[in-house]
Amino acid sequence: MSLSRMTSFGYCILVVLGLIVSESVLCNGGVTSSFVRKVEKTIDMPLDSDVFSVPPGHNTPQQVHITQGDHVGKAVIVSWVTMDEPGSSTVVYWSEKSKQKYKASGKVTTYTYYNYTSGYIHHCNIKNLKFDTKYYYKIGIGRVSRTFWFTTPPEVGPDVPYTFGLIGDLGQSFDSNKTLTHYELNPIKGQAVLFVGDLSYADNYPNHDNVRWDTWGRFVERSTAYQPWIWTAGNHELDFAPEIGETKPFKPYTHRYHVPFRASDSTSPLWYSIKRASAYIIVLSSYSAYGKYTPQYKWLEEELPKVNRTETPWLIVLVHSPWYNSYNYHYMEGETMRVMYEPWFVQYKVDMVFAGHVHAYERTERISNVAYNVVNGECSPIKDQSAPIYVTIGDGGNLEGLATNMTEPQPAYSAFREASFGHATLAIKNRTHAYYSWHRNQDGYAVEADKIWVNNRVWHPVDESTAAKS
């Protein structure tokens, strides 16, 4: 090769390398994004913000939200609050293609927390719905009734496509509002949200001001009233405050947010499972006892063998505290739970695990750390094609702000990380493939800041890691 051609060739290589480095920083792990979010204080929206507005009229239903009401997707729990009096707990509903209207009766509850008394909280489980059908539902009485709609999922099956949104640690700041708007306008339309915990952040206010539970419920209603949010409890749902006489953990959360835990033989609403389309979703509680012999341990031990991957190929776990986290925030807080349950996740070939808690974004390679037995010293994560991809998505935008301090160098198991607010989507295509993407708030609605085709661990266990592509 001539000197001039070699010089030109070398120049091209330098240009390509320059472009790569300008986009991201390559570490001994994966990618630490070079995107730097403008440093701004995260501030909660004031109480008079339009997103918190109370619907007009006496005793008008508000804070409307829905979630799956059974194990397979043929039921929907409708929840709402009336502030002045109990009113009616009845839901009137009908399918889009029928004029026949039906009624379902619910129950009403209240609670007190320190010097706060809740409104009247209604929960009504609409059962025996048809799959893949749009329903309208009406709550409230007379002129203050309100009408919403939802679409039930397709019947459970191995090749049923379905798209989930993924949000965590949302709160009610100006950034929270951007995250929710970004999710709503994402052209990859989520059909249900997998929420990985930390809802209102009311506990950051004096005496855990539960008014901020009400404002949060009104804020997210524009999404939660129309598509199911699958709830996970985080540390900000504990509301354990013995200094003000509040010693029952999760009191506001469990009164306001009902889930179908009994349908999966769980003894607690803090851990449960559902089937939805081609996915089997297991929700765990980072802040309930999970050691051997505990109720959560025994439930999960019996639950995992029940998953039939010929019916629901995709096995997804939601938990609040991440097991793999390379930020210097909440570092290793999920370690004891990982030690207890990670061998099961590898044994049963869990596809993906989604967590929150750390207010940033991170995606791992498929790795495990299950060889250690106290005496052998084998305590480093290794690549493992039977292990899940772990995603930390605690970047919803809450008032505590971003986690920006990362451990260096980037661990080998970490595929991509960035300290920005955002959300993600998981579009299951069939039993073999799903398309996962993460979207930062600063970008256009269609921009994917991180993306990967995910291969199912049972039906297409091909390595999709960063290293496999390089």
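Predicted model: local features only at pLDDT ≥ 70, side-chain atom pairs only at ≥ 80, totals over all residues.
Reader: Why is Val375 called exposed?

Author: The relative accessibility of Val375 is 73%, and since a residue counts as exposed when this value is over 50%, Val375 is called exposed. Val375 is found in the loop between β20 (361-368) and β21 (382-383).

Reader: What makes Tyr372, Val374 and Val375 a nonpolar patch on the surface?

Author: A nonpolar patch is made of residues with over 30% relative accessible area and no salt bridge, whose nonpolar side chains are joined within 5 Å. Tyr372, Val374 and Val375 form such a patch, and together they have about 350 Å² of accessible area. For Val375, the value of 73% is set against that cut-off of over 30%, so Val375 passes this part of the rule.

Reader: Why is the contact of Glu221 with Arg146 called a salt bridge?

Author: The rule asks for a side-chain nitrogen of Lys or Arg within 4 Å of a carboxyl oxygen of Asp or Glu. In this pair the closest N and O atoms are 2.8 Å apart, so Glu221 and Arg146 form a salt bridge. The pair links distant parts of the chain, for Glu221 belongs to helix α3 (residues 211-224) and Arg146 to strand β12, 75 residues apart. By this rule the count comes to 18 salt bridges.

Reader: Is Glu221 buried or exposed, and how do you know?

Author: Glu221 has a relative accessibility of 11%, and because buried means under 20%, Glu221 counts as buried.

Reader: What is the salt-bridge partner of Glu311, and which parts of the chain does the pair tie together?

Author: Glu311 forms a salt bridge with Lys275, the closest N and O atoms being 3.0 Å apart. Glu311 lies in the loop between α5 (295-303) and β18 (314-318), whereas Lys275 lies in strand β16 (residues 272-276), so the pair ties together parts that are 36 residues apart in sequence.

Reader: What makes β5 and β11 a pair of strands?

Author: Two strands pair if at least two bridges are found between them, and strand β5 (residues 90-95) and strand β11 (residues 134-139) have 4 bridges, so they are a pair, in the antiparallel sense. One of the residues involved is Val92, whose bridge partner in β11 is Lys138. These strands belong to an open sheet of 4 strands with the order β6-β5-β11-β12 and antiparallel pairing.

Reader: Why are β6 and β12 called edge strands?

Author: The strands β6 (102-105) and β12 (146-151) each pair on one side only, and that is the reason for the name.

Reader: What is said to cover strand β14?

Author: Both faces of strand β14 (residues 192-195) are covered, with Ala192 and Leu194 on one side and Val193 and Phe195 on the other, all buried. Strand β13 (residues 162-167) runs parallel to β14 and is joined to it by 4 bridges, and the bridge partner of Ile167 in β14 is Phe195.

Key. Residues numbered from 1 in each chain as written. Heavy atoms only, no water. Helix = DSSP H or I, 4+ residues; strand = E, 2+ residues; numbered from the N terminus. Patch = residues over 30% accessible without salt bridge, like charges linked within 9 Å, V, L, I, M, F, W, Y side chains within 5 Å. Areas by Shrake-Rupley, 256 points an atom, 1.4 Å probe, with all protein chains shown as cover. Buried < 20%, exposed > 50% of the residue type's maximum accessible area, 1.4 Å probe, protein only.
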